[in-house]
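Dear colleague,

Please find below the structure that I am handing over to you, together with its sequence.

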Amino acid sequence: YEWMHHSVAPKPHADENFRVSIGGPECTRPYSASVFNISAMSFGALSPNAVRALNAGAKKGGFAHDTGEGGVSPYHRENGGDIIWEVGSGYFGCRHLDGTFDPDEFARIATDDQIKMVELKISQGAKPGHGGVLPAAKVSEEISRIRGVAMNEDCISPATHRAFSTPLEMMAFVGEMRRLSGGKPAGFKLCIGHPWEFLAICKAMLQTGIYPDFIVVDGNEGGTGAAPLEFMDHMGMPMREGVNFVHNALIGINARSRIRIGAAGKIATAFDMARAMAIGADWCNSARGFMFALGCIQSLSCHTDRCPTGVTTQDPSRNRALFVPHKVERVYNYHHATLHALAELLAAAGLEHPQELRPIHFSQRTSTTEVQTFAKLYPSLRPGELIDGTSDPRFRDAWAMARPDSFAPAD
Ligand SMILES: Cc1cc2nc3c(=O)[nH]c(=O)nc-3n(C[C@H](O)[C@H](O)[C@H](O)COP(=O)(O)O)c2cc1C
Ligand code: SF4
């Protein structure tokens, strides 16, 4: 059982439009993001009307809409809501015919004003290390055009990237994404797997001097339109451990102040947000929370193209079931009400902004006789501790195994 601590001296209710500025020293066009945004879900997985309603809701509420790896569709553009453009291993929307990354096409789209940040997808918590597939049934003529792939064939995101194969090359690629986008915040999304691989990326940051502006950490509890059951249930680090691991690793290499951390993984309420932000997240994303706002009834048939509510289908008659003007309001209301509830929680705890949340503000009952604060459960590294040499058992061995020139561990 877990709870947040309140104060005997609550603060007045703060303005609930909480923002976080994203963009390190190498970024010339930082983005002031809401602390609550729509997590990556592709057009293709989602229907045209679902994308329309999400983006119009984002516009109305002043928050951001992540495209997912399926490219920027006309439905993302109709209503002008802020976009985070995600690029995955299929390079959909910015690929040559042979499936390799096309920098010119990337730059053409990424420099558009509506696109506020660019995000490299490394992995997704529901199917980390697996790549992805948009089943042939959902690859319409329109999707094949937007993604640059063949029609009526399964549309595959390979498990690995072709544009880079080492941590050093990955950092160079993130730097290139920032340059090609005209200096917008560039970052990556992943679910933590082998700890030494993330630490290898940290070593590559130190060696190249190229740092991402943000990192989105997805938990293994994350959702998807289609993934093997064993992956959904058992692969990858859960969100809280992942967020706290990344947060501490960045403290340990003295990079925490320049890199913002986003979190996704069953974050649907203000309490979920506060808890994730206390242990390292600067902002939170929700995918399924916003699907529920669109009317999803959890029938679990997203991969069949027979979604009964019009959320995840390319069938025009089913897409019509999602009436956009109503759902725009629901998307907007869900975001607004969640941030209102967050403001109330913070005020009761004597705080004014979620950035003030710390592990000491939460407790967990760990056995029938013991209660621990999060400060005990999620201890912090000292600034620079990884560089100086740590004896912390969570990091010591993995740091020694990490090498910037390869994702493979050192012997
Ligand atoms: C239908 C659907 C499609 C998704 N597509 C993507 C995607 O294209 N790229 C990605 O990084 N994550 C994708 N995700 C994962 C979400 O962005 C998110 O990280 C994960 O579901 C955890 O958030 P949640 O618990 O709020 O759903 C998808 C999730 C769902 C439910
Ligand atoms: S209603 Fe069912 S098929 Fe439609 S999005 Fe929800 S879970 Fe998927």
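I begin with Leu300, which is placed in the loop that runs between helix H10 (288-294) and helix H11 (316-319). Although Leu300 is not a glycine, its phi is positive, at about 60°. Its relative accessibility is 70%, and Leu300 therefore counts as exposed. Please bear in mind throughout that this is a predicted model.

A second residue with a positive phi is Lys266, again not a glycine, with a value near 55°. Lys266 sits in the loop between strand S12 (260-264) and helix H9 (270-278). Its relative accessible area is 59%; because the threshold for exposed is over 50%, Lys266 is classed as exposed.

Of its nine residues, eight are buried, so H9 is largely enclosed by the rest of the structure. The buried residues of H9 are Ala270, Asp272, Met273, Ala274, Arg275, Ala276, Met277 and Ala278. After H9 comes Gly280, with a positive phi near 140°.

Leaving aside residues up to four places away in sequence, His247 touches Arg256, Ile261, Ile279 and Gly280. His247 belongs to helix H8 (residues 239-252). Is His247 buried or exposed? With a relative accessible area of 19%, His247 is buried; the limit for that class is under 20%.

Helix H5 (residues 167-180) may also be of interest to you. Buried positions in H5 are Pro167, Met170, Met171, Phe173, Val174, Gly175, Met177, Arg178 and Leu180. Following H5 is Gly182, which has a positive phi near 85°.

Towards the end of the numbering, Asp397 lies in helix H15 (residues 396-401). Asp397 is partly exposed, because its relative accessibility is 47%. Between the C-alpha atoms of Asp397 and Ile210, which are 187 residues apart along the chain, the separation is 25 Å.

Turning to the protein chain as a whole, it contains 15 helices and 15 strands. Its radius of gyration is 21 Å, close to the 22 Å given by the globule rule for 411 residues, so the chain is as compact as a globular protein of that length. Taken along the principal axes, the box filled by its C-alpha atoms is roughly 55 × 50 × 40 Å.

Of the 411 residues, 56% count as buried. Among contacts with a separation of 6 or more, 71% are between residues 24 or more positions apart. The chain exposes about 16,600 Å², of which carbon and sulfur atoms supply 53%. As for charge, there are 40 positive and 44 negative side chains, and the centres of these two sets lie 3 Å apart.

With kind regards

Note on methods. Residues are numbered from 1 along each chain as its sequence is written. Chains are lettered from A and ligands numbered from 1 in the order in which they are written. This is a predicted model: local features need pLDDT of at least 70, side-chain atom pairs count only at pLDDT 80 or more; totals for chains, interfaces and linings use all residues. Side-chain values use heavy atoms; hydrogens and water are left out. Helices (H or I, at least four residues) and strands (E, at least two) are DSSP runs, numbered from the N terminus. The radius of gyration is taken over C-alpha atoms; the globule rule is 2.2 Å times the number of residues to the power 0.38. Buried means under 20% relative accessible area, exposed over 50%, partly exposed in between (1.4 Å probe, protein chains only). Contact means heavy atoms within 4.5 Å. Accessible areas come from the Shrake-Rupley method with a 1.4 Å probe; for residues, only the protein chains shown count as cover. Lys and Arg count as positive and Asp and Glu as negative; His and the chain ends are not counted. The place of a charge is taken as NZ of Lys, CZ of Arg, CG of Asp or CD of Glu.
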